[in-house]
Amino acid sequence: MNVIIAGFGFIGRKLVRTFHKKIDLIKNVDSKFKIIGVSDSKGYLYDLNGLDLKKLSSVKRLSEYSEEYKEGRSTEEMIEKGEANLMIEVTPTNVNDGEPGLSFMKAALKKGIHVVTSNKGPLVVAFRELTSLAKRNDCFLLYEGTVAGAIPIFSLIKRCLQGDTIRRIMGILNGTTNYILSRMYFEGTSFELALKEARERGLTERDPSYDVDGIDAACKAVILANALMNRNVKFKDVKRTGIRRVTQEAISLAKKSKFAIKLVSMIDKRIEVSPKLVPINHPLCVHSTLNAIHIETDLAREITLIGRGAGEETVSAVLNDVLTVIKETASSV
Amino acid sequence: MKFDLTIALADRPGQLIKALKPIAKYGGNIISIIHERENPSDGFVPVSLVVDFPSKWNLQKTISDLRNMGITIIRAEEIVDTSRIIAILVGKANLKDIIQRGIKNAKIIGFEVSDPVSEDACLKLEIEVPTRLLDETLENLRRMAESEGSLIILPI
């Protein structure tokens, strides 16, 4: 399989290193697996014989790899060549218009190129459009890494709970706010101090409102609702309240009654992201940067998944999606 | 609708089966029955039943028939299934308003206020509400908090 990677930021670089480290495992599944192109916002590297993963793993910028680095429309040009079978889209998230990832995904799917992504933006903006496009072009569009990082929520439900109807999903889907609320709960710190700590530890986005105002959690709720509950909702449909007004006093009062306050994404009849009282012995009550998803179905009843929600662990989800595409396409040939 | 129906039966054979007839006649479904034969008082035995009747009318007709049969009714009360919830409000919170608008039909079991004079005053309410009115009560609380510009934190 010929693979191109759109995006060489934190996840893109980590992904290349993981491919290098796990190449024997991948080659066991597909002996012809190679990364033929990688792009960043300014240009791209391309070699139909496959890029040198060891060398690529050691560079911070694509331009450091070789003089072959071409400046230009990068991702679009890689797609237009029509030699790739799979595009891994890991450009920065933009929840306003989904760009540039949305255009890259559309272009790839129209060319019959499978897409694996950890980029929420395009799926929040155009979930139905992208999934229909993938179906029309007989392509895989897998996005396990978009919600709760390494937690295999989509794979679990689509593979293991095919006959179940999902009645409700509740999730702690943002590690940064969970870290802040956990510091307030355990250490008695104020919201401002806990936010400062989170920033110093590099846990927040440049604009912390993305986390603390529930924007990130709302995006994930939109994807979960559309992908798993057959809804057709947009970001504006989410009733959203962040954690800025959660005070230390509120947390102390909750604690006395054996509750913790958590930013919970709730998807049932309504879609809501808001601070909620979670009983401390409930499986959803996880702390620090952990994520948790609690699903309620008609047959299996309740299932809770807990895991790491963001950062380098996302690579686990992307790699699994890549291996799924390789295996499924090989078996359908 | 479930009712707690406690009657006093004469401590003689065949009394219980006689008393059950009107219950069946008016569509009552007996959920439990406790026949305290070891505690007769003045020749009478208390029998406690939990009966599901289609409506209050069916209960009243049953009671009337039982009385006509000379059976004493000790207690006949609807069993209301209640839920307890905790809500935390941050910001302006007027307790009188909450009781009148937010949680009518609910009982306040307890409340605690923290930092009452600040803009971020915090009020924890523990309330008991008939389960069938739970969603409505939560919605009322949400709406009230929204109109006051307060943050409401409810259980999952």
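This is a predicted model: local features need pLDDT of at least 70, side-chain atom pairs count only at pLDDT 80 or more; totals for chains, interfaces and linings use all residues.
**Group meeting talk: a sheet, a contact and some loops**

Let me begin with chain B, where an open sheet of four strands has the order 2-3-1-4 with antiparallel pairing; two strands count as paired if DSSP finds at least two bridges between them, and helices (H or I, at least four residues) and strands (E, at least two) are DSSP runs numbered from the N terminus. The edge strands, each pairing on one side only, are strand 2 (29–35) and strand 4 (72–78) of chain B. From one strand to the next the twist averages 15°, where axes are lines fitted to C-alpha atoms, for helices over the stretch in contact, and angles run from 0 to 180 degrees between N-to-C directions.

Residues are numbered from 1 along each chain as its sequence is written, and chains are lettered from A and ligands numbered from 1 in the order in which they are written.

Back in the sheet, strand 1 (residues 2–10) and strand 4 of chain B pair in the antiparallel sense over six bridges, and Phe3(B) stands opposite Glu78(B) in strand 4. Helix 1 (residues 15–25) of chain B packs on the sheet, touching strand 1, strand 2 and strand 3 (44–52), and its direction makes about 145° with that of strand 1. Helix 2 (residues 56–68) of chain B also packs on the sheet, touching strand 1 and strand 4, with its direction at about 175° to that of strand 4.

Now, how many residues does the contact between the chains take from each of them? It takes 14 residues from chain B and 17 residues from chain A, two residues being in contact if their C-beta atoms, placed from the backbone, lie within 7 Å. Strand 8 of chain B gives the most to the side of chain B that touches chain A, with four residues. That side divides into nine nonpolar, one polar and four charged residues; here Ala, Val, Leu, Ile, Met, Phe, Trp, Tyr, Cys and Pro count as nonpolar, Asp, Glu, Lys and Arg as charged, and the others, Gly among them, as polar. Strand 11 (residues 271–279) of chain A pairs with strand 8 of chain B in the parallel sense over two bridges, and Leu277(A) stands opposite Pro155(B).

Chain A itself has 13 helices and 13 strands. Of its 333 residues, 47% count as buried, meaning that 20 or more other C-beta atoms, placed from the backbone, lie within 10 Å of a residue's own, whereas 12 or fewer make it exposed and a number in between partly exposed. In helix 1 of chain A, the buried residues include Ile11(A), Leu15(A) and Phe19(A).

Finally, some backbone details: most residues other than glycine have a negative phi, and most peptide bonds are trans. The peptide bond from Glu99(A) to Pro100(A), however, is cis, with omega near 5°, and Pro100(A) lies in the loop between strand 5 (86–89) and helix 5 (101–110) of chain A. Asn230(A) has a positive phi, near 55°, and is placed in the loop between helix 11 (215–228) and strand 9 (239–240) of chain A. Is Asn230(A) buried or exposed? Asn230(A) counts as exposed because it has 9 C-beta neighbours inside 10 Å.
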